[in-house]
Amino acid sequence: MDNSYDIAIIGGGILGLATARGLGERIPRARLVVLEKEAKLATHQTGNNSGVIHSGIYYKPGSYKAKLCVEGKGLMLDFCQKHGIRVDHVGKVIVATEQAELPRLQMLYERGIANGVPVEMIEPAQLREIEPHASALRAIRSPSTAIVDYKEVCAAMTRELTARGVAIETGAGVTSIRRRAGAIELVTPRAVVRATRIVNCAGLYSDLVARMAGAKVDVRIIPFRGEYYMIRPERQDIVRGLIYPVPDPEFPFLGVHLTRTVHGEVEAGPNAVLAFAREGYRFGRVSPAELAGTLAYRGFWQMARKYWRTGSYEMYRSLSKNAFVQALQRLVPALRPEDVTRGGAGVRAQAVSPDGSLVDDFRIVAEADAIHVLNAPSPGATASLAIGRHIAGLAVETFGLK
Ligand SMILES: Cc1cc2nc3c(=O)[nH]c(=O)nc-3n(C[C@H](O)[C@H](O)[C@H](O)COP(=O)(O)OP(=O)(O)OC[C@H]3O[C@@H](n4cnc5c(N)ncnc54)[C@H](O)[C@@H]3O)c2cc1C
């Protein structure tokens, strides 16, 4: 490994790659390296998500999520077209199944309009034309929501970056960071890499990497597993596109939904269950050290106090297939427990503040020689190319590189 660079990017998920792309566009002469701890890129959040290109309905107008999702969606569609990556424009419906959800559905509709997203409020008869098996009192139709395989996007980004001379090193987990003689030294199992600046895109480990780099970090990443079921092939015709519930306004997750994939499957999920390891893809996967770290964090107990009811229900629904299917039956009453089989899981890197609140917006912190991405949950994949550009802008401002 050649080991002197202007900027080292830690983490080879979609944000690390999109950041390398953004930096390459803004600072073409910069020597860049992406360091990824796994043998393959996009192994964690990026490779285990729902594959939705979100339109930007949900997010508070003016937030980074709203701005970067809408901008990122356009960039993602252009990127996919340029690289011949399959995108299916299946559209989505958000269905209100109880009276109490109608004001929240209206609020989402208004947010969609405020964010400049095409949205339409529809009645049950119109819904039946779009999704004949879905049930609702009223629904929002989002025609511009699409699906893609983000692993294919990452493979294309990697080819592009490699062709531009960006070094991409796998099996290169950063285990410690020290500053020496004006350089930052990143210790990996393969070599010590030197860089004058770093960008931390380490996802589930981003808070720990930031601390390793000496940053004062006021949040902790708490891992939330999202488990999926798969609809059996012979029943997949009960979903044409994407069917979502009205989300709980207190919770930054969207609620279990039904999602087609570009590979022709239909997934149900993901739920949001506290994981006992940062990469805890199964219920039984426990990291005693990481769990102890979570339990020692004041914000975890504050969060547990606020969300114990929702958290206990999520845990119960994780263990009970019937409870999971019941949640889906609110969207599609014809779905039966025998129509679904257990699928995979992803783990979300959710930043939690010391007061127990789940950080809602993207959080990206710039310091003199480092930028840390401390919260980039959904729609992080949709927004990735816009986040990469945003980080490149921050790098020009704070690092003074041109
Ligand atoms: C279940 C689920 C469903 C989702 N659905 C959607 C969706 O449909 N649409 C959407 O837009 N978004 C979705 N998201 C969110 C989206 O996947 C994330 O916002 C996005 O993948 C974040 O990318 P990342 O690069 O920050 O994280 P990651 O993909 O997790 O990448 C971080 C990388 O850093 C590496 N790393 C960690 N520590 C180190 C270290 N010390 N040294 C070197 N490397 C390190 C990891 O191995 C990993 O590869 C979903 C997320 C989940 C979990």
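User: Where does P379 lie?
Analyst: This is a predicted model. The peptide bond from S378 to P379 is cis, with omega near 10°. As for its place in the chain, P379 sits in the loop between strand 19 and helix 10.

User: Which other peptide bond is cis, and in which loop is P270?
Analyst: The bond from G269 to P270 is cis, with omega near -5°. P270 belongs to the loop between strand 15 (266-269) and strand 16 (273-274).

User: What is phi of A42, and where is that residue?
Analyst: Phi of A42 is near 55°. That is a positive value in a residue other than glycine. A42 is found in the loop between strand 2 (32-35) and strand 3 (52-53).

User: Are helix 2 and helix 10 roughly parallel or roughly perpendicular?
Analyst: Helix 2 covers residues 64-82, and its axis runs 6 Å from that of helix 10. The two pack at an angle of about 105°. Angles from 65 to 115 degrees count as roughly perpendicular. Therefore helix 2 is, relative to helix 10, roughly perpendicular.

User: Which residues of helix 10 meet helix 2, and what classes make up the contact?
Analyst: Helix 2 brings L68, C69, E71, G72, K73, L75, M76 and F79. Across from them in helix 10 are T382, A383, S384, L385, A386, I387 and H390. By class, this contact holds nine nonpolar, four polar and two charged residues.

User: How many residues does each domain give to the contact between domain 1 and domain 2?
Analyst: The domain assignment gives domain 1 as 4-46 + 151-218 + 361-399, and domain 2 as 220-235 + 252-358. Their C-alpha centres lie 27 Å apart. The contact takes 12 residues from domain 1 and 14 residues from domain 2.

User: Which residues are closest to the ligand?
Analyst: The shell around the ligand has 42 residues. They divide into 18 nonpolar, 20 polar and four charged. Helix 1 (14-26), strand 17 (340-352) and helix 10 (380-399) each supply at least two. The closest residues are G11, G13, G203, G346 and G380.

User: Where does the ligand lie relative to the domains, and why?
Analyst: Domain 1 gives residues to the shell around the ligand.

User: What is the radius of gyration of the protein chain, and what box do its C-alpha atoms fill?
Analyst: The secondary structure comes to 10 helices and 19 strands. The radius of gyration is 21 Å, close to the 21 Å that the globule rule gives for 402 residues, so the chain is as compact as a globular protein of that length. Along the principal axes, the C-alpha atoms fill a box of roughly 70 × 45 × 40 Å.

Technical notes:
Residues numbered from 1 in each chain as written. Predicted model: local features only at pLDDT ≥ 70, side-chain atom pairs only at ≥ 80, totals over all residues. Near = placed C-beta within 6 Å. Helix = DSSP H or I, 4+ residues; strand = E, 2+ residues; numbered from the N terminus. Nonpolar A, V, L, I, M, F, W, Y, C, P; charged D, E, K, R; others polar. Domains from an automatic or database assignment. Axes fitted to C-alpha atoms, helices over the stretch in contact; angles between N-to-C directions. Parallel < 35°, antiparallel > 145°, perpendicular 65-115°, else oblique. Contact = placed C-beta atoms within 7 Å. Rg over C-alpha atoms; globule rule 2.2 N^0.38 Å.
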